[in-house]
Amino acid sequence: MPSPSPTLDLLSAKLAHGERLSPDDGLFLYQDAPLEWLKERASEKRIAKHGNEAYFNRNIHFEPTNICIYACKFCAFYRPPKAANDPESGAWDYSFEDLEAKLAQYPVGSITEIHITGGVHPDRGVEYGEALCAFIKKLRPEIHVKAFTAVEIAYFAKKSGIEIPEALARLKAAGLDSIPGGGAEIFDPEVRKRIAGGKSPAHTWLDVHAMVHAAGLFSNATMLYGHVEKFEHRIDHMLRLRDLQDKTGGFKSFIPLRYRNDANALSHLAEVRPEDDLRNYAVARLFLDNIPHLKAYWAMLGLDLATEALEYGVDDLDGTVDDTTRIYSMAGGPSHPTASVLILEDAIRSKGRTPVERDSQYAKLG
Ligand code: V47
Ligand code: SF4
């Protein structure tokens, strides 16, 4: 029987031999590959890497402030510094005592990680980041502190008048364990300018992560998609991550984030369809071949679609979250994102996978 597509046959052979896909191959996958074919190839790759297991962790988020010097167009979360004292503005700025009260809700052993990201507050340098990490470690030394995006860290260093490696060394000494993948958005300069004009450029994000890895810490990487970018921009984004990962090996997880269109300056844009999300996960699994874990962040996507994504190359659903994030609920994600361990385990089992609780470095727990 004649083959439906010589290019698909070629790509199947490349993947079967563990050959790396070129940017043109990646583009073909986005534009022309049937979704069923992508699902099968991505599942083969995730099984080769992780067997039948799918991961989750027990975590909470802490978003210290939504006051931000930047004004990314896709962001429903930030409030400008002038809103800080306006009770009607929706701005917040939590104290360390607020954080202590939040942590007190979680007995020792009930969470393994705190994920901290927030607005880039104009007054905060590295001293703030150090104090926050040290405060958490003093209260709860057993909790992994995954904190501050590359954008926040670049600003800490600038505000304190020091180089980024020094800022990182100080944060690490104070208790920082890893950094999250936020702030990457889309690296292409034109698209970045249109959606996140003013925010630090792609090379700063990549440089900060390279320095994080050189400091002996690991990090994650995100990609915000489904707004004004084209498929070539997504490929360019993943290519830059793939190149850096070849050099440092310091990324643990890649987290594609679908643009959500509630209450922000790009709300006129429609969101992409669930099948586009699934295609994006599968392409990421095949093209971005050197970042071990592919995460469907259910608090952004909804648990049903994140569960479906387990069939498209995803091996991690993130964590229990427990209604501690507002970045997505303010932009159109689930309004009170919380999942018990049982809910996450059931979701994973519903796809015939074995649930595995992990720590922040993906060591298996229990
Ligand atoms: O960089 C903001 C995104 C990111 C919207 O490392 C939006 O484990 C969609 O980094 N629609 C921050 N996305 C969140 C983040 C993250 C999340 C989960 C896990 C990890 C990890 C990191 O949130 C921002 C931006 O790309 N974001 N607004 C929006 N309207
Ligand atoms: Fe600020 Fe981050 Fe929102 Fe951009 S995405 S406006 S940097 S909080």
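How much space lies in the second largest cavity? The answer is about 100 Å³, and the views below take you there and to other places in this predicted model. Residues are numbered from 1 along each chain as its sequence is written, while chains are lettered from A and ligands numbered from 1 in the order in which they are written. In this predicted model, local features need pLDDT of at least 70, side-chain atom pairs count only at pLDDT 80 or more, and totals for chains, interfaces and linings use all residues; side-chain values use heavy atoms, with hydrogens and water left out.

**View 1. The largest cavity has a volume of about 710 Å³.** A cavity is a set of points, on a 1 Å grid over the protein atoms alone, where a 1.4 Å probe fits but cannot get out, and lining residues have an atom within 4 Å of a point. Grid points are joined across faces, edges and corners, and a volume is the space filled by probe spheres set on the points. The whole structure holds 4 cavities of 30 Å³ or more. Of the 40 residues lining the largest cavity, Gly 182, Gly 183, Glu 185, Ile 327 and Tyr 328 are the closest to its centre. Helix H6 (150-160), strand S6 (218-225) and strand S7 (251-258) each give two or more residues to this lining; helices (H or I, at least four residues) and strands (E, at least two) are DSSP runs, numbered from the N terminus.

**View 2. Ligand 2 sits in the largest cavity.** To sit there, more than half of a molecule's atoms must lie within 2 Å of the grid points. Around ligand 2 you will find Cys 68, Tyr 70, Cys 72, Phe 74, Cys 75, Phe 77, Tyr 78, Gly 119 and Lys 199, where a residue counts if one of its heavy atoms lies within 4 Å.

**View 3. Helix H6 gives the most to the lining of the second largest cavity, with 3 residues.** Among the residues of this lining are Pro 64, Thr 65, His 121, Arg 124, Glu 152, Tyr 155 and Phe 156.

**View 4. The largest pocket holds about 190 Å³ of space.** Unlike a cavity, a pocket is an open set with protein on both sides within 12 Å along at least five of seven lines. Strand S2 (59-62) and helix H4 (96-104) each give two or more residues to its lining, which includes His 61, Trp 92, Lys 102 and Arg 326.

**View 5. Three strands form an open sheet in the order S9-S1-S10, with parallel pairing.** Two strands pair if DSSP finds at least two bridges between them. Strand S9 (316-319) and strand S10 (354-357) stand at the edges with a single partner strand each, so one side of each has no neighbour in the sheet. Strand S1 (residues 53-57) pairs with S9 over 2 bridges, and Asn 57 stands opposite Gly 319 in S9.
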